[in-house]
Amino acid sequence: MVAGLGKEANLRGKVGLSLVEVVRIALRAMAANPLRSALTALGVVIGVAAVVALTMVGQGTTQRITSLLEGLGTNLLTVGPAQGGRGPGGGLVRFGGPATLPLSDAYAIQEAFPGEVVGIAPVAQGNFQLKYGASNLRATVVGTWPDFARVRNAEPERGSFFTQEDVDLRRRVAVIGYGIAQDLFGGEDPLGQRLRIGGIPFTVVGVLPDKGDQGFASGNYQVFVPLSTYLQRLARLEAGEPKVNAIYVQGADRNRLKELQERLTQFLAERRGLVDPSTYDFSITNQQDALQSVNQTTLVLTLFLGGVAAISLLVGGIGIMNIMLVSVTERTREIGVRKALGARPKDILAQFLAESVVLSVGGGVLGVGLGLLMARFVGQAIGVSPVFSPLSAGIAFLFAVFVGVFFGLYPAWRAARLDPVEALRYE
Amino acid sequence: MLLELRGVKKVYQNGGGAFPALKGVDLRVEEGEMLAIMGPSGSGKSTLLHLLGLLDRPTEGEYLLMGKPTSSLSEEERAYLRNRFIGFVFQAFFLLPRLSAVENVEVPLAYAGVPPQERRRRALALLERVGLLDKAKSLPNQLSGGQRQRVAIARALALNPPLLLADEPTGALDTRTGEEIMALFQELNREGTTVIIVTHEPMVAEKTRRIVRVRDGEIVADERRG
């Protein structure tokens, strides 16, 4: 009957509880106090949900802005007024204020960079009343060159963009945005119809596809006419050199866009006889710069909000520790009994650690689910389709597990080293 | 020799002073004995039981269990011995309140690494043995005091330990139920289990063949009968 003691006894065999059982005991202990368990896990739920939702919406926003910018033309450089050139932030053309760039710049660039520049489109713009039949509305009218269609990704869905001949002959033809086709023409086919722009009749030759946006960032409410026609008929240019608001330049090679930007800057400065960059009356922005700054902004925002979410996870973890300490105190007697029945310190440690980990894992799972819902909801509200990132969800989840282990360790350690005699005496 | 205490002292430090609970105790218990440790409250009898049960460590002296000294054992080894070689029965039963009767009996088996199905089989057999098979699924608060103590005894017997330690096992029971519990201990003892009962009730002590009287931390009498 008596095999031996301690070290001689078979301590090597399978002794103690399996992981499944430890988790089962933990689940049972939590089921005994469902409200408390739920409230304890809530901190982790909110933290994980916030991380998941934020990264999903953040990535969705970045993707949307990126595709928006890329949809506005590839390898694009924009020559605009000094500092006024806010880059191709939105819409097809977005330069307010007076036209300051001489149109001759466009011709000069065309001549000086034949191989490197594959498209060039100066633009002049203004707001005009549009009228068709009984309906009318105000819209931005842009005078430009035929290259605009390619340079800024504005190929008409129906009909075609105006041609060089249209520019040369100053024809009164117009390509209209999708929104204008909808609002001004209703169900009618605008192609070939006569549209009055600022009282002057134009023939609609093309309708642009839906750019998918409403409001200011939209090309849907713009009208494009030959630059020559615009300057003569709409801007009513009098004497002097024609001025434009911006010149869009499409480079041949994406990898050499930066270089082209520098050389263009140099070229235009020399044309003006300017040496000091602070006196330049123009600026050239690179589409990639804009993309980078957008990405940087969203990254900073994501990191900041991620930090807030991490703090809420931390607070959730402290909540778990707090409740686990209470739980250890409440169950001092149980710990004593279990020790008397043969629980080793590590059995007790595992039991309480399992509880905090189950709490945080449960909170993590619920948090990922809630985060998905929140991302969908917020995405719908702000018009962004959220992008689920398994990586960030995984990181948030693992962080939750880590919080459970880290903040559960101390209470579990306290439980494990309770003196059995003291624990049994505890009332 | 199942167990032997040699000059065991236990001093509790509380506040500024030291309180000597045991002042040098020598005790030998053979396998198969049934004895009562008697004494007024504060005499040190509970401390003695805790030491015998490896729940506590002596301040001085040596405790030999099955001929081997226990002072150098780690917590882990002591837990192992409590699990396999010692069964505890407490005055207030100390059943785990959220576990059913059969699950309470399974606890020591679980710590011993017995697989779940085998565990259930053995726990049910033990409950049958103490006459509570029909209460296997009941929670402790659905059982009477006597029934709870029977579950606690079944739990103490789970791994068939050679030594059973009982701390005032009838203290919370009425006389008749207490006698039933004592009869159960006597039966277990006849089957070979060594039983040590701490009590202050002469009625309980009378059922044993040996009474060790403790007062002020010392053994003052060791009476054998039969």
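Predicted model: local features only at pLDDT ≥ 70, side-chain atom pairs only at ≥ 80, totals over all residues.

Entry, overall shape of chain B. I listed 7 helices and 10 strands in chain B. I then checked the radius of gyration, which is 17 Å and close to the 17 Å that the globule rule gives for 226 residues, so chain B is as compact as a globular protein of that length. Along the principal axes, I read a span of about 50 × 40 × 40 Å for the C-alpha trace of chain B. Among the contacts in chain B with a separation of 6 or more, I found that 69% join residues 24 or more positions apart.

Entry, a helix pair. I asked at what angle α5(B) and α6(B) pack. Helix α5 (residues 145-156) of chain B and helix α6 (residues 175-190) of chain B meet at about 15°, and their axes are 10 Å apart. That angle is under 35 degrees, which makes α5(B) roughly parallel to α6(B). I recorded their crossing as right-handed. On the α5(B) side I noted Gly145(B), Gly146(B), Gln149(B) and Ile153(B), which meet Thr177(B), Glu180(B), Ile181(B) and Leu184(B) in α6(B).

Entry, chain A. I found chain A divided into domain 1 (17-66 + 294-425) and domain 2 (76-252). Taken over C-alpha atoms, the centres of these two domains of chain A are separated by 56 Å.

Key
Residues numbered from 1 in each chain as written. Chains lettered and ligands numbered in written order. Domains from an automatic or database assignment. Helix = DSSP H or I, 4+ residues; strand = E, 2+ residues; numbered from the N terminus. Rg over C-alpha atoms; globule rule 2.2 N^0.38 Å. Contact = placed C-beta atoms within 7 Å. Axes fitted to C-alpha atoms, helices over the stretch in contact; angles between N-to-C directions. Parallel < 35°, antiparallel > 145°, perpendicular 65-115°, else oblique. Left-handed = near helix turned anticlockwise from the far one by under 90°.
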